[in-house]
Amino acid sequence: MNRMKEADRILAENLVESIMKDYEACGIAAAIIDRQGNTRYEKFWGSADLESKKEINGETIFGLASVTKSFTCLAIMQMAEEGLLGLDDPVSQYVPEFTNKNQKTVTIRHLMSHCGGFFPLPRILVGQVAESLGLKESETGDFAYNDAIASEGVRLVAQRLDEQTMESGLNGEPGEYLSYCNDGFGLLSDVIRRYGKEPSYGDYLVRHILKPLGMERSFCDFVRPSQDDNAATLYKKVDGVMKGHRDYHDNAFVLNGGGAMKSTLNDLKKYLAMYLNEGKALNGARILSQRGIREMCKPRQPYGAFGYYGYGLSIKQLDDLKVVEHGGSLPGVSSNIAWSYEADGAVIILCNTSGVPVSLISNALMRAYHGKNPLDKRDIWQEASWPEETLKAAEGTYVSGEGTQVELYIGEDGRPGVREDGKEKLLIPVSPYSAIIRNKYSDLFVKLIHSQERGLYAIAYGSRLIPKKPL
């Protein structure tokens, strides 16, 4: 039900404008729909292309990045309901390249919740794999549908996951910890490619999700958006200068299930309406059973400070609302989808600029739609202190395979401090083993990860577990 008050709408839009200024966001599209698919709010800021000043509209194509993971898990759930796989089956049963030799059994279910036991790893890029195979897109067709690239990609991903051991590379046993892992979703997309009865992962999504929903401008293609007049130019900071391009291969993982989808505001309205109606499309098509949707949205792994992760979706409490959502980030892409059954509404935020905190915009619009003050309450934390033994154990450098480097140190005042990629940040301990990093608009939750056998060996840094670098 739309309870948005004019004053709250203005507050939410002021927040958007402030974020756009601080993060130099080039263009943002936002919408709120209800369960019937009615658009209850829609607004566009900035432009799809700074040079031409082309306006954004509901048909403008944006990258979705990790919002793709919800599509991957929706496809896996469809296949499970059809009897093509079981969620508790070993991944190695479907992807024999992954031998699972150095740990307990990793199941399909584990990968859907990012708890296969893997730390973040460097991206294996689609362009690099294509080049190693001597393939050119002008000759083979779009890399998103190329079987040779997918086969080589899964071999490379499986090989390096198999190389991980508890002594070096694994964050714990399968199911023990959540740590965001694109490699795991890469394996899931290969399960879909091999057992989904379609030529590729992208073809499966088109046949079983996108066409049934009427999402005609949504796809995994890399070339198509670069040739579409109404596709957003991708913007990112390079040496402190905002630069734009239309190469949708940029930083694209070789296996598509973690982040290859592109879509529009209008298409995503149909996608979100399906979730609000627990698997039934606005046109009457049944995409997944009610039980299947509920299983996707069920809390399974702790995620951040107060949230949980289900299957390709995260679940959090936003004041008196339970919100199901997922975000995405790639060069030139910041995206977020969210819905609440209690609010009977869904929010879509799409942006063509890297690193913009669009989830905060989503929160603000969801609150405003529900008749609440849209601004975050940030006085919920009770400041604590870390015991001396914790301080000493935590001190050191933590390095992610994705490139992030975090240094925890003991300051002159005896309190813990933090630097991220060399930049000083404000660290506030909130329990004997956790803290928040206070940013201008939001707080990042940090938790120290330790065990009897390994001591303090990693930190949970937002959605990622980052291992401690040996001294």
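Author: Two strands pair if DSSP finds at least two bridges between them, and strands (E, at least two residues) and helices (H or I, at least four) are DSSP runs, numbered from the N terminus. The model here is predicted, with local features needing pLDDT of at least 70 and side-chain atom pairs pLDDT 80 or more, while totals for chains, interfaces and linings use all residues. Residues are numbered from 1 along each chain as its sequence is written, and side-chain values use heavy atoms, leaving out hydrogens and water.

Reader: OK, what makes strand E15 and strand E16 a pair?

Author: E15 (416–420) and E16 (423–431) share three bridges in the antiparallel sense, and the rule asks for at least two, so they pair. You can see Val418 standing opposite Lys425 in E16.

Reader: What does the side chain of Asn352 reach at 3.1 Å?

Author: The backbone oxygen of Thr233. A polar atom of the Asn352 side chain also lies 3.2 Å from the backbone oxygen of Ala48. Outside four places in sequence, Asn352 touches Cys26, Gly27, Ser47, Phe62 and Gly332, among others; touching is contact, heavy atoms within 4.5 Å.

Reader: Why is Asp89 called partly exposed?

Author: Asp89 has a relative accessible area of 22%, so it lands in the partly exposed class. Asp89 is in the loop between helix H2 (68–81) and helix H3 (108–112). Beyond its neighbours within four places, Asp89 is in contact with Tyr94, Val106, Thr107 and Ile108. One of its side-chain polar atoms is 2.8 Å from the backbone nitrogen of Gly86. As for Pro470, 381 residues along the chain from Asp89, the C-alpha atoms are 35 Å apart.

Reader: And what makes Asn251 count as partly exposed?

Author: Its relative accessibility is 29%, so Asn251 gets that label. Asn251 is in the loop between strand E5 (241–245) and strand E6 (262–263). Setting aside neighbours within four places, Asn251 contacts Arg123, Leu125, Leu330 and Pro331. Its C-alpha is 36 Å from that of Glu453, 202 residues apart along the chain.

Reader: Which residues lie nearest the centre of the second largest pocket?

Author: Of 18 lining residues, Pro302, Tyr303, Gly304, Lys447 and Ala460 do. Strands E7 (301–303), E18 (443–451) and E20 (464–467) each give two or more residues to that lining. The pocket's volume is about 290 Å³.

Reader: How do the residues of the lining of the second largest pocket divide?

Author: Into 10 nonpolar, five polar and three charged. Gly counts as polar here, while Pro, Tyr and Ala count as nonpolar and Lys as charged.

How values were computed: Buried means under 20% relative accessible area, exposed over 50%, partly exposed in between (1.4 Å probe, protein chains only). A polar contact is a pair of N or O atoms within 3.5 Å; within protein, one must be able to donate a hydrogen and the other to accept it, and residues adjacent in sequence count only if both atoms are side-chain atoms. On a 1 Å grid over the protein atoms alone, a cavity is a set of points where a 1.4 Å probe fits but cannot get out, and a pocket is an open set with protein on both sides within 12 Å along at least five of seven lines; lining residues have an atom within 4 Å of a point. Grid points are joined across faces, edges and corners, and a volume is the space filled by probe spheres set on the points.
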